[in-house]
Amino acid sequence: MTSPISELRAGDARLAPSTSAALGIAAIAGILAVFLRWYFVTHAQVMQPLNEDISWGDAMQHYRYAWNLVHHGVYSSDVPGQSRPRADAFRDPGYPVFLAALMWITDDFDKWYAITLLSQAVMGGMTVVCATLGLRHALPTKLLAFAAITMAVWPHLVAIPAYVLTENLSACLFAATALTLGEAARRQSIKLLALAGALLALTALTNAVLAPLFVPLALAFAWKGTFTRRQLLVLATVAVIPLVAWNIRNSTIPGPFSSSFRAKVNLVQGSWPTYHAASQLALRHDPIGLQTINAIDEEINAMRLRPALGLKLMSDRMARAPGTYFLWYLGKPTLLWGWEIALGSGDIYAYPTRNSPFMTNPVMKGIEAITYIFNGLLAVVALVGVAVVVAERNPSAIMLTFAVTAIWVTLVYGALQSDARYAIPFRTAEIALACTTIAAVIKRVGLRKDEADPLPTARGNA
(Lines give C-alpha, C1' and ligand atoms only; values in the text may rest on other atoms or scores of the structure.)
Protein backbone atom coordinates (compact mmCIF):
# COMPACT_ATOMS: atom_id res chain seq x y z
CA MET A 1 0.00 0.00 0.00
CA THR A 2 1.15 3.53 -0.73
CA SER A 3 1.43 6.02 2.09
CA PRO A 4 -0.74 9.15 2.22
CA ILE A 5 2.35 11.24 1.61
CA SER A 6 3.17 9.20 -1.50
CA GLU A 7 -0.37 9.76 -2.68
CA LEU A 8 0.14 13.47 -2.18
CA ARG A 9 3.28 13.32 -4.31
CA ALA A 10 1.40 11.45 -7.01
CA GLY A 11 -1.24 14.17 -6.93
CA ASP A 12 1.45 16.84 -7.25
CA ALA A 13 2.85 15.05 -10.29
CA ARG A 14 -0.55 15.05 -11.98
CA LEU A 15 -0.92 18.77 -11.30
CA ALA A 16 2.66 19.64 -12.24
CA PRO A 17 2.97 22.34 -14.90
CA SER A 18 3.78 21.57 -18.49
CA THR A 19 7.27 22.31 -19.71
CA SER A 20 6.14 25.47 -21.48
CA ALA A 21 4.24 26.67 -18.40
CA ALA A 22 7.23 26.03 -16.14
CA LEU A 23 9.56 27.85 -18.52
CA GLY A 24 7.13 30.75 -18.67
CA ILE A 25 6.89 30.98 -14.89
CA ALA A 26 10.68 30.79 -14.55
CA ALA A 27 11.18 33.47 -17.21
CA ILE A 28 8.66 35.89 -15.68
CA ALA A 29 10.01 35.37 -12.16
CA GLY A 30 13.59 35.70 -13.39
CA ILE A 31 12.92 38.95 -15.24
CA LEU A 32 11.06 40.35 -12.22
CA ALA A 33 13.92 39.30 -9.95
CA VAL A 34 16.56 40.98 -12.12
CA PHE A 35 14.45 44.13 -12.45
CA LEU A 36 13.96 44.51 -8.69
CA ARG A 37 17.59 43.79 -7.87
CA TRP A 38 18.87 46.07 -10.64
CA TYR A 39 16.55 48.80 -9.40
CA PHE A 40 17.77 48.33 -5.83
CA VAL A 41 21.51 48.42 -6.58
CA THR A 42 21.17 51.47 -8.85
CA HIS A 43 19.19 53.49 -6.30
CA ALA A 44 20.45 52.43 -2.87
CA GLN A 45 23.58 54.14 -1.53
CA VAL A 46 25.71 51.77 0.50
CA MET A 47 28.51 52.70 2.90
CA GLN A 48 30.94 50.01 1.72
CA PRO A 49 34.50 51.44 1.56
CA LEU A 50 36.31 48.49 0.04
CA ASN A 51 39.51 50.17 -1.14
CA GLU A 52 40.37 51.95 2.10
CA ASP A 53 42.54 50.64 4.92
CA ILE A 54 39.84 50.39 7.59
CA SER A 55 38.33 47.49 9.48
CA TRP A 56 34.93 46.93 7.93
CA GLY A 57 34.42 43.19 7.90
CA ASP A 58 33.81 40.66 5.17
CA ALA A 59 33.40 42.90 2.12
CA MET A 60 36.73 44.63 2.60
CA GLN A 61 38.55 41.31 3.00
CA HIS A 62 36.92 39.85 -0.12
CA TYR A 63 38.10 42.89 -2.08
CA ARG A 64 41.66 42.52 -0.74
CA TYR A 65 41.82 38.86 -1.69
CA ALA A 66 40.61 39.65 -5.20
CA TRP A 67 42.98 42.59 -5.64
CA ASN A 68 46.06 40.67 -4.50
CA LEU A 69 45.04 37.72 -6.64
CA VAL A 70 44.85 39.88 -9.76
CA HIS A 71 47.96 42.00 -9.12
CA HIS A 72 50.26 39.50 -7.38
CA GLY A 73 48.78 36.08 -8.06
CA VAL A 74 48.62 35.55 -4.29
CA TYR A 75 45.51 34.73 -2.27
CA SER A 76 46.03 37.21 0.55
CA SER A 77 43.98 39.57 2.71
CA ASP A 78 46.88 42.03 3.11
CA VAL A 79 46.24 45.68 2.34
CA PRO A 80 46.47 46.29 -1.45
CA GLY A 81 49.67 47.96 -2.57
CA GLN A 82 52.15 45.90 -0.59
CA SER A 83 55.04 44.57 -2.64
CA ARG A 84 54.94 41.07 -1.15
CA PRO A 85 51.52 40.15 0.28
CA ARG A 86 51.46 37.10 2.53
CA ALA A 87 49.23 34.23 1.51
CA ASP A 88 46.58 33.09 3.99
CA ALA A 89 43.50 30.87 4.14
CA PHE A 90 41.15 32.79 6.41
CA ARG A 91 38.35 33.28 3.86
CA ASP A 92 36.89 30.81 1.39
CA PRO A 93 38.19 31.33 -2.17
CA GLY A 94 35.03 31.10 -4.27
CA TYR A 95 33.71 34.64 -3.98
CA PRO A 96 37.08 36.46 -4.14
CA VAL A 97 37.87 34.54 -7.34
CA PHE A 98 34.54 35.77 -8.75
CA LEU A 99 35.50 39.35 -7.82
CA ALA A 100 38.97 38.88 -9.32
CA ALA A 101 37.46 37.68 -12.60
CA LEU A 102 35.54 40.96 -12.82
CA MET A 103 38.69 42.94 -11.94
CA TRP A 104 40.43 41.46 -14.96
CA ILE A 105 37.80 43.22 -17.07
CA THR A 106 38.75 46.69 -15.82
CA ASP A 107 41.33 48.29 -13.51
CA ASP A 108 39.03 51.21 -12.72
CA PHE A 109 37.55 50.77 -9.25
CA ASP A 110 34.28 52.60 -9.94
CA LYS A 111 33.64 50.59 -13.11
CA TRP A 112 34.54 47.33 -11.37
CA TYR A 113 32.23 48.15 -8.47
CA ALA A 114 29.33 48.91 -10.81
CA ILE A 115 29.95 45.74 -12.83
CA THR A 116 30.07 43.70 -9.62
CA LEU A 117 26.74 44.95 -8.27
CA LEU A 118 24.96 44.63 -11.60
CA SER A 119 26.42 41.15 -12.13
CA GLN A 120 25.11 40.17 -8.72
CA ALA A 121 21.67 41.52 -9.64
CA VAL A 122 21.65 39.27 -12.71
CA MET A 123 22.95 36.40 -10.60
CA GLY A 124 20.00 36.91 -8.27
CA GLY A 125 17.69 36.41 -11.22
CA MET A 126 19.56 33.24 -12.17
CA THR A 127 19.06 31.98 -8.61
CA VAL A 128 15.30 32.37 -8.94
CA VAL A 129 15.25 30.73 -12.39
CA CYS A 130 17.29 27.72 -11.23
CA ALA A 131 15.14 27.18 -8.14
CA THR A 132 11.91 27.55 -10.15
CA LEU A 133 12.99 25.11 -12.85
CA GLY A 134 14.14 22.65 -10.23
CA LEU A 135 10.74 22.74 -8.54
CA ARG A 136 8.68 22.27 -11.70
CA HIS A 137 8.22 18.54 -11.00
CA ALA A 138 7.71 19.00 -7.26
CA LEU A 139 4.93 21.61 -7.05
CA PRO A 140 1.59 22.19 -8.76
CA THR A 141 1.45 25.05 -11.26
CA LYS A 142 -0.13 27.66 -9.00
CA LEU A 143 2.19 26.91 -6.10
CA LEU A 144 5.20 26.94 -8.43
CA ALA A 145 4.18 30.40 -9.61
CA PHE A 146 3.65 31.52 -6.01
CA ALA A 147 7.06 30.19 -4.95
CA ALA A 148 8.81 31.79 -7.93
CA ILE A 149 7.27 35.23 -7.38
CA THR A 150 7.98 35.04 -3.64
CA MET A 151 11.64 34.26 -4.35
CA ALA A 152 11.76 37.15 -6.83
CA VAL A 153 10.41 39.78 -4.43
CA TRP A 154 11.72 38.60 -1.02
CA PRO A 155 13.51 41.68 0.41
CA HIS A 156 16.62 39.91 1.72
CA LEU A 157 17.19 38.37 -1.70
CA VAL A 158 16.51 41.69 -3.45
CA ALA A 159 18.88 43.71 -1.26
CA ILE A 160 21.89 41.38 -1.01
CA PRO A 161 23.28 42.19 -4.53
CA ALA A 162 24.07 45.72 -3.29
CA TYR A 163 26.71 44.29 -0.95
CA VAL A 164 30.04 42.70 -1.81
CA LEU A 165 29.31 39.54 0.16
CA THR A 166 29.56 35.82 -0.49
CA GLU A 167 25.84 35.21 -0.13
CA ASN A 168 25.33 36.43 -3.71
CA LEU A 169 27.44 33.68 -5.25
CA SER A 170 26.59 30.92 -2.78
CA ALA A 171 22.84 31.49 -3.32
CA CYS A 172 23.19 31.06 -7.08
CA LEU A 173 25.50 28.06 -6.82
CA PHE A 174 23.25 26.37 -4.26
CA ALA A 175 20.18 26.82 -6.46
CA ALA A 176 22.10 25.49 -9.48
CA THR A 177 23.29 22.49 -7.43
CA ALA A 178 19.75 21.68 -6.32
CA LEU A 179 18.45 21.98 -9.89
CA THR A 180 21.18 19.70 -11.24
CA LEU A 181 20.66 17.09 -8.50
CA GLY A 182 16.96 17.06 -9.32
CA GLU A 183 17.60 16.58 -13.02
CA ALA A 184 20.24 13.94 -12.36
CA ALA A 185 17.78 11.94 -10.27
CA ARG A 186 14.94 12.32 -12.77
CA ARG A 187 17.08 11.27 -15.74
CA GLN A 188 19.40 8.95 -13.77
CA SER A 189 22.33 10.66 -15.48
CA ILE A 190 25.88 10.12 -14.25
CA LYS A 191 27.09 13.17 -16.18
CA LEU A 192 24.54 15.42 -14.51
CA LEU A 193 25.40 13.90 -11.15
CA ALA A 194 29.09 14.66 -11.72
CA LEU A 195 28.13 18.22 -12.64
CA ALA A 196 26.09 18.45 -9.44
CA GLY A 197 29.14 17.28 -7.48
CA ALA A 198 31.27 19.97 -9.10
CA LEU A 199 28.66 22.63 -8.33
CA LEU A 200 28.41 21.38 -4.75
CA ALA A 201 32.19 21.71 -4.43
CA LEU A 202 32.09 25.28 -5.79
CA THR A 203 29.32 26.09 -3.32
CA ALA A 204 31.41 24.70 -0.46
CA LEU A 205 34.46 26.67 -1.61
CA THR A 206 32.28 29.76 -1.39
CA ASN A 207 30.78 28.87 2.00
CA ALA A 208 32.79 26.40 4.08
CA VAL A 209 29.74 25.60 6.22
CA LEU A 210 28.57 23.51 3.26
CA ALA A 211 31.84 21.61 2.86
CA PRO A 212 30.61 18.49 4.74
CA LEU A 213 27.11 18.75 3.23
CA PHE A 214 27.78 15.95 0.73
CA VAL A 215 27.81 13.49 3.65
CA PRO A 216 24.25 14.05 4.97
CA LEU A 217 23.04 14.48 1.38
CA ALA A 218 24.53 11.14 0.34
CA LEU A 219 23.06 9.43 3.41
CA ALA A 220 19.63 10.91 2.69
CA PHE A 221 19.79 9.91 -0.99
CA ALA A 222 20.83 6.38 -0.03
CA TRP A 223 18.05 6.15 2.57
CA LYS A 224 15.36 7.22 0.11
CA GLY A 225 16.83 5.26 -2.80
CA THR A 226 17.25 8.41 -4.91
CA PHE A 227 20.60 7.26 -6.30
CA THR A 228 22.51 3.97 -6.41
CA ARG A 229 25.72 3.48 -4.43
CA ARG A 230 27.77 3.86 -7.61
CA GLN A 231 26.05 7.15 -8.40
CA LEU A 232 26.60 8.43 -4.87
CA LEU A 233 30.27 7.50 -5.11
CA VAL A 234 30.55 9.65 -8.23
CA LEU A 235 28.80 12.56 -6.48
CA ALA A 236 31.00 12.32 -3.39
CA THR A 237 34.25 11.91 -5.33
CA VAL A 238 33.67 14.89 -7.59
CA ALA A 239 32.54 17.02 -4.63
CA VAL A 240 35.49 16.08 -2.41
CA ILE A 241 38.44 16.41 -4.80
CA PRO A 242 38.41 20.25 -5.04
CA LEU A 243 37.95 20.55 -1.27
CA VAL A 244 40.89 18.25 -0.59
CA ALA A 245 43.04 20.20 -3.04
CA TRP A 246 42.20 23.49 -1.32
CA ASN A 247 42.92 22.03 2.13
CA ILE A 248 46.27 20.71 0.93
CA ARG A 249 47.11 24.23 -0.26
CA ASN A 250 46.03 25.65 3.11
CA SER A 251 48.21 23.19 5.02
CA THR A 252 51.28 24.70 3.38
CA ILE A 253 50.41 28.26 4.45
CA PRO A 254 52.12 29.37 7.69
CA GLY A 255 50.51 31.78 10.12
CA PRO A 256 47.38 31.86 12.28
CA PHE A 257 44.90 33.09 9.66
CA SER A 258 43.40 29.79 8.59
CA SER A 259 39.89 28.52 7.95
CA SER A 260 40.06 26.48 11.16
CA PHE A 261 40.89 29.64 13.09
CA ARG A 262 37.87 31.37 11.54
CA ALA A 263 35.70 28.47 12.72
CA LYS A 264 37.07 28.93 16.24
CA VAL A 265 36.33 32.65 16.08
CA ASN A 266 32.74 31.94 15.06
CA LEU A 267 32.38 29.28 17.75
CA VAL A 268 33.42 31.69 20.50
CA GLN A 269 31.46 34.67 19.18
CA GLY A 270 28.38 32.52 18.69
CA SER A 271 28.51 31.37 22.30
CA TRP A 272 27.97 34.91 23.62
CA PRO A 273 24.28 35.93 23.76
CA THR A 274 25.37 39.58 23.93
CA TYR A 275 27.71 39.46 20.93
CA HIS A 276 25.32 41.03 18.40
CA ALA A 277 24.43 43.92 20.69
CA ALA A 278 28.02 44.36 21.85
CA SER A 279 29.36 44.54 18.29
CA GLN A 280 26.88 47.33 17.48
CA LEU A 281 27.75 49.21 20.67
CA ALA A 282 31.49 48.81 20.05
CA LEU A 283 31.13 50.48 16.65
CA ARG A 284 29.81 53.52 18.55
CA HIS A 285 32.75 53.30 21.01
CA ASP A 286 30.39 52.46 23.86
CA PRO A 287 32.46 51.34 26.89
CA ILE A 288 30.16 48.40 27.73
CA GLY A 289 30.25 47.16 24.14
CA LEU A 290 34.04 47.52 24.00
CA GLN A 291 34.41 45.68 27.31
CA THR A 292 32.33 42.75 26.04
CA ILE A 293 34.20 42.59 22.73
CA ASN A 294 37.53 42.59 24.60
CA ALA A 295 36.35 39.67 26.74
CA ILE A 296 35.31 37.80 23.59
CA ASP A 297 38.67 38.52 21.98
CA GLU A 298 40.46 37.11 25.04
CA GLU A 299 38.58 33.82 24.64
CA ILE A 300 39.34 33.79 20.91
CA ASN A 301 43.04 34.33 21.58
CA ALA A 302 43.03 31.53 24.14
CA MET A 303 41.25 29.26 21.65
CA ARG A 304 43.92 30.05 19.05
CA LEU A 305 46.91 29.47 21.32
CA ARG A 306 45.53 26.60 23.42
CA PRO A 307 42.18 25.19 22.24
CA ALA A 308 41.71 23.22 25.47
CA LEU A 309 42.07 26.41 27.51
CA GLY A 310 39.69 28.27 25.20
CA LEU A 311 37.05 25.56 25.56
CA LYS A 312 37.50 25.59 29.34
CA LEU A 313 36.95 29.35 29.47
CA MET A 314 33.78 28.92 27.42
CA SER A 315 32.48 26.06 29.58
CA ASP A 316 33.26 27.93 32.83
CA ARG A 317 31.35 30.97 31.56
CA MET A 318 28.36 28.86 30.56
CA ALA A 319 28.41 26.98 33.88
CA ARG A 320 27.74 30.26 35.68
CA ALA A 321 24.35 30.60 33.92
CA PRO A 322 23.43 27.24 32.34
CA GLY A 323 19.77 28.11 31.90
CA THR A 324 20.58 31.30 30.03
CA TYR A 325 22.88 29.53 27.61
CA PHE A 326 20.48 26.63 27.12
CA LEU A 327 17.75 29.05 26.07
CA TRP A 328 20.27 30.98 23.96
CA TYR A 329 21.25 27.98 21.88
CA LEU A 330 17.65 26.75 21.73
CA GLY A 331 16.57 30.06 20.25
CA LYS A 332 19.41 30.53 17.76
CA PRO A 333 17.43 29.09 14.80
CA THR A 334 15.04 32.02 15.19
CA LEU A 335 17.98 34.37 14.62
CA LEU A 336 19.07 32.48 11.51
CA TRP A 337 15.62 32.36 9.91
CA GLY A 338 14.47 35.63 11.44
CA TRP A 339 14.22 39.01 9.76
CA GLU A 340 16.84 41.23 11.36
CA ILE A 341 20.44 41.25 10.12
CA ALA A 342 21.91 41.87 13.57
CA LEU A 343 25.53 41.62 12.38
CA GLY A 344 24.96 44.56 10.08
CA SER A 345 22.88 47.71 10.00
CA GLY A 346 19.62 46.11 11.02
CA ASP A 347 16.47 45.26 9.09
CA ILE A 348 17.54 43.73 5.73
CA TYR A 349 20.74 45.79 5.40
CA ALA A 350 24.21 44.30 5.83
CA TYR A 351 25.88 47.74 5.70
CA PRO A 352 24.62 51.30 6.25
CA THR A 353 22.27 51.98 3.34
CA ARG A 354 20.58 55.21 2.32
CA ASN A 355 17.85 55.80 -0.26
CA SER A 356 16.74 52.18 -0.15
CA PRO A 357 13.80 51.52 -2.51
CA PHE A 358 12.21 49.60 0.35
CA MET A 359 12.03 52.97 2.12
CA THR A 360 11.27 55.27 -0.82
CA ASN A 361 9.15 53.22 -3.25
CA PRO A 362 5.53 52.63 -2.12
CA VAL A 363 5.22 49.27 -3.87
CA MET A 364 8.46 47.94 -2.42
CA LYS A 365 7.55 49.32 1.01
CA GLY A 366 4.37 47.28 0.78
CA ILE A 367 6.29 44.17 -0.24
CA GLU A 368 8.60 44.53 2.74
CA ALA A 369 5.70 45.07 5.14
CA ILE A 370 3.88 41.94 3.92
CA THR A 371 6.96 39.71 3.93
CA TYR A 372 7.98 41.01 7.36
CA ILE A 373 4.59 40.04 8.78
CA PHE A 374 4.73 36.53 7.34
CA ASN A 375 8.46 35.83 7.85
CA GLY A 376 7.98 33.93 11.11
CA LEU A 377 5.06 31.94 9.74
CA LEU A 378 7.10 31.08 6.65
CA ALA A 379 9.81 29.54 8.84
CA VAL A 380 7.29 27.46 10.80
CA VAL A 381 5.53 26.22 7.67
CA ALA A 382 8.91 25.42 6.10
CA LEU A 383 9.79 23.38 9.19
CA VAL A 384 6.64 21.35 8.64
CA GLY A 385 7.74 21.00 5.01
CA VAL A 386 10.98 19.41 6.19
CA ALA A 387 8.93 16.83 8.10
CA VAL A 388 6.73 16.23 5.05
CA VAL A 389 9.74 15.58 2.83
CA VAL A 390 11.47 13.34 5.38
CA ALA A 391 8.29 11.30 5.90
CA GLU A 392 7.75 10.82 2.18
CA ARG A 393 8.74 7.47 0.73
CA ASN A 394 10.08 8.81 -2.57
CA PRO A 395 10.63 12.56 -2.27
CA SER A 396 11.95 14.50 -5.22
CA ALA A 397 15.72 14.96 -5.15
CA ILE A 398 15.48 18.76 -5.07
CA MET A 399 13.08 18.79 -2.11
CA LEU A 400 15.26 16.29 -0.27
CA THR A 401 18.27 18.52 -1.00
CA PHE A 402 16.41 21.55 0.34
CA ALA A 403 15.27 19.70 3.47
CA VAL A 404 18.69 18.25 4.30
CA THR A 405 20.41 21.57 3.67
CA ALA A 406 17.93 23.45 5.85
CA ILE A 407 18.55 21.01 8.71
CA TRP A 408 22.31 21.14 8.21
CA VAL A 409 22.72 24.93 8.13
CA THR A 410 20.38 25.33 11.11
CA LEU A 411 22.51 22.96 13.19
CA VAL A 412 25.88 24.35 12.10
CA TYR A 413 24.97 28.01 12.41
CA GLY A 414 23.28 27.13 15.69
CA ALA A 415 26.63 25.96 17.01
CA LEU A 416 28.49 28.92 15.47
CA GLN A 417 27.00 32.33 14.72
CA SER A 418 23.35 32.71 13.78
CA ASP A 419 22.23 35.72 11.80
CA ALA A 420 19.57 36.34 9.16
CA ARG A 421 22.26 37.24 6.63
CA TYR A 422 23.61 33.70 6.68
CA ALA A 423 20.21 32.27 5.73
CA ILE A 424 19.90 34.38 2.57
CA PRO A 425 21.37 31.72 0.21
CA PHE A 426 18.82 29.24 1.58
CA ARG A 427 15.71 31.42 1.46
CA THR A 428 14.78 29.69 -1.80
CA ALA A 429 14.81 26.35 0.02
CA GLU A 430 12.74 27.81 2.86
CA ILE A 431 10.10 29.11 0.43
CA ALA A 432 10.03 25.81 -1.48
CA LEU A 433 9.62 23.78 1.72
CA ALA A 434 6.78 26.02 2.86
CA CYS A 435 5.04 25.50 -0.49
CA THR A 436 5.48 21.75 -0.07
CA THR A 437 3.55 21.97 3.19
CA ILE A 438 0.78 23.94 1.50
CA ALA A 439 0.62 21.39 -1.32
CA ALA A 440 0.41 18.52 1.19
CA VAL A 441 -2.40 20.21 3.10
CA ILE A 442 -4.37 20.93 -0.08
CA LYS A 443 -4.01 17.35 -1.29
CA ARG A 444 -4.94 15.86 2.07
CA VAL A 445 -8.06 18.02 2.26
CA GLY A 446 -8.92 16.97 -1.30
CA LEU A 447 -8.49 13.27 -0.44
CA ARG A 448 -10.71 13.55 2.62
CA LYS A 449 -13.33 15.40 0.60
CA ASP A 450 -13.30 12.65 -2.04
CA GLU A 451 -13.69 10.01 0.67
CA ALA A 452 -16.61 11.89 2.25
CA ASP A 453 -18.29 12.61 -1.10
CA PRO A 454 -18.61 9.41 -3.21
CA LEU A 455 -18.74 9.60 -6.98
CA PRO A 456 -22.15 10.46 -8.47
CA THR A 457 -22.28 7.09 -10.23
CA ALA A 458 -21.83 5.37 -6.91
CA ARG A 459 -24.75 7.33 -5.41
CA GLY A 460 -26.83 6.54 -8.47
CA ASN A 461 -26.19 2.82 -8.20
CA ALA A 462 -26.93 2.72 -4.51
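Trainee: What share of the 462 residues in the protein is buried?

Mentor: Buried residues come to 53% of the 462. Buried means under 20% relative accessible area, exposed means over 50%, and partly exposed is in between, with a 1.4 Å probe and protein chains only. Before going on: this is a predicted model, where local features need pLDDT of at least 70, side-chain atom pairs count only at pLDDT 80 or more, and totals for chains, interfaces and linings use all residues. Residues are numbered from 1 along each chain as its sequence is written, and side-chain values use heavy atoms, with hydrogens and water left out.

Trainee: Fine. How many helices and strands does the protein have?

Mentor: There are 21 helices and 2 strands. Both are DSSP runs numbered from the N terminus: helices are H or I with at least four residues, strands are E with at least two.

Trainee: And how compact is the protein?

Mentor: Its radius of gyration is 23 Å, close to the 23 Å that the globule rule gives for 462 residues, so the protein is as compact as a globular protein of that length. That radius is taken over C-alpha atoms, and the rule is 2.2 Å times the number of residues to the power 0.38. The C-alpha trace spans about 90 × 55 × 50 Å along the principal axes.

Trainee: What fraction of the contacts with a separation of 6 or more comes from residues 24 or more positions apart?

Mentor: That fraction is 76%. Contact means heavy atoms within 4.5 Å.

Trainee: Switching to helix packing. At what angle do α15 and α16 cross?

Mentor: The axes of α15 (residues 307–319) and α16 (residues 322–336) cross at roughly 105° and come within 6 Å. That makes α15 roughly perpendicular to α16, a label for angles of 65 to 115 degrees; under 35 counts as roughly parallel, over 145 as roughly antiparallel, and the rest as oblique. The axes are lines fitted to C-alpha atoms, for helices over the stretch in contact, and angles run from 0 to 180 degrees between N-to-C directions.

Trainee: Which residues make that contact?

Mentor: Arg 317, Met 318 and Ala 319 do it from α15, and Pro 322, Tyr 325 and Tyr 329 from α16.

Trainee: Now Val 158. Buried or exposed?

Mentor: Val 158 is buried, at 0% relative accessible area. It sits in helix α7 (residues 155–159). Not counting residues up to four places away in sequence, Val 158 touches several others, including Leu 36, Phe 40 and Phe 358.

Trainee: What about Ala 184, where is that?

Mentor: Ala 184 is in helix α8 (residues 167–187), and it is buried, with 1% relative accessible area. Leaving aside neighbours within four places in sequence, its contacts are Ser 189, Leu 192, Leu 193 and Phe 227.
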